[in-house]
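Here is a set of questions and answers for someone meeting this structure for the first time.

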Amino acid sequence: MLKNKKFLLLFSATFFSSFGDATLFVILLSMLQSLGGSGVSTSFYFIFSAVPVLLFGLHIGAFVENKSLQKVMISSDIIRILFLLLFYLYNLLFTQTIFTIYLLIFLVTFINIFFTTASSTLMPHIVEHSNIPKANSLFRIITMIAKLLSYSFAALLFYLNVGSNEVLIIVTV
C-alpha cells in the first residue's frame, strides 16, 4: 500500500488538509477570544463548526458520488484558500467581528465536507479491497497526527506572538 503512488498522494493530501484545518480552527478560536468572546460565543463557534455537517453531509455525499473525486478535492482546497484570502483582506480593511469568524468557520467546515467525502470515496478506487480497513486506519491515524502537530504549531505561533493576519497567511500557505 505504501508503494502505491496514488495512495501516498491521497495520504499526504489528507495530512495537509487536516493540518491546515485544525490550525485554522485553533487560530479562529483564539481570534474569537481576543475579541472578548465569552463561553457562550465559544459554544456558538463550535455549533457553527458542526452545523454544516449535520445540514449538508448527506447531500454533499450524494453530490460527490457522481463527480470526479480528484477535482472535488482540488476544488475544495482552492475554495478554502480563496475564503481565507478574502477573510485576510476583510481583516485588513475592516474591523474584525465575531460574526465574520462564525461565518468563516461555517464556510470552511462546509467546504471541508466535500474534501473529506471525496477522499473517503476515492479510497476503494486506489486501494485493493482487502487493504481498505488498513488504509482507513492509516487515514484516521494521519488525521490525528496532523491535528496534534497543528495544535503544537499554533502554540508555537502564539508563543512567537505572530499577529492574527500573519497567521492567516501562514495557514493559507
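Q: Is Phe15 buried or exposed in this predicted model?
A: The model is predicted, and the answer rests on the relative accessibility of the residue, where buried means under 20%. Phe15 has a relative accessibility of 17%, and therefore Phe15 counts as buried.

Q: Where do Phe15 and Phe19 lie, and by about how much of the helix are they separated?
A: Both residues belong to helix 1, which covers residues 5-34. Because Phe15 and Phe19 are 4 residues apart in this helix, their separation is about one helical turn.

Q: How many aromatic pairs are there, and what kind of pair do Phe15 and Phe19 make?
A: The count of aromatic pairs comes to 15. For Phe15 and Phe19, the ring centres are 6.1 Å apart and the planes meet at 25 degrees. Since planes under 30 degrees apart count as stacked, the pair of Phe15 and Phe19 is stacked.

Q: Which residues form one aromatic cluster with Phe15?
A: The cluster holds Phe15 together with other phenylalanines, and Phe19 is one of them.

Q: Over the ring of which residue does the charged end of Arg80 sit?
A: The charged end of Arg80 is found 5.2 Å from the centre of an aromatic ring. The residue that carries this ring is Phe115.

Q: What is the phi of Asn161, and where does Asn161 lie?
A: Most residues other than glycine have a negative phi. Asn161 is not a glycine, yet its phi is positive, at about 55 degrees. Asn161 is exposed, with a relative accessible area of 68%, and its place is the loop between helix 5 (132-159) and helix 6 (164-172).

Q: What is the radius of gyration of the protein?
A: The secondary structure comes to 6 helices and 0 strands, and the C-alpha atoms fill a box of roughly 50 × 35 × 30 Å along the principal axes. A compact globule with 173 residues would have a radius of gyration near 16 Å, and the value for the protein agrees with this, at 17 Å.

Key:
Residues numbered from 1 in each chain as written. Predicted model: local features only at pLDDT ≥ 70, side-chain atom pairs only at ≥ 80, totals over all residues. Heavy atoms only, no water. Phe/Tyr/Trp six-rings, centres within 6.5 Å; stacked < 30°, edge-to-face > 60°. Helix = DSSP H or I, 4+ residues; strand = E, 2+ residues; numbered from the N terminus. Buried < 20%, exposed > 50% of the residue type's maximum accessible area, 1.4 Å probe, protein only. Lys NZ or Arg CZ within 6 Å of the ring centre and 35° of its normal. Rg over C-alpha atoms; globule rule 2.2 N^0.38 Å.
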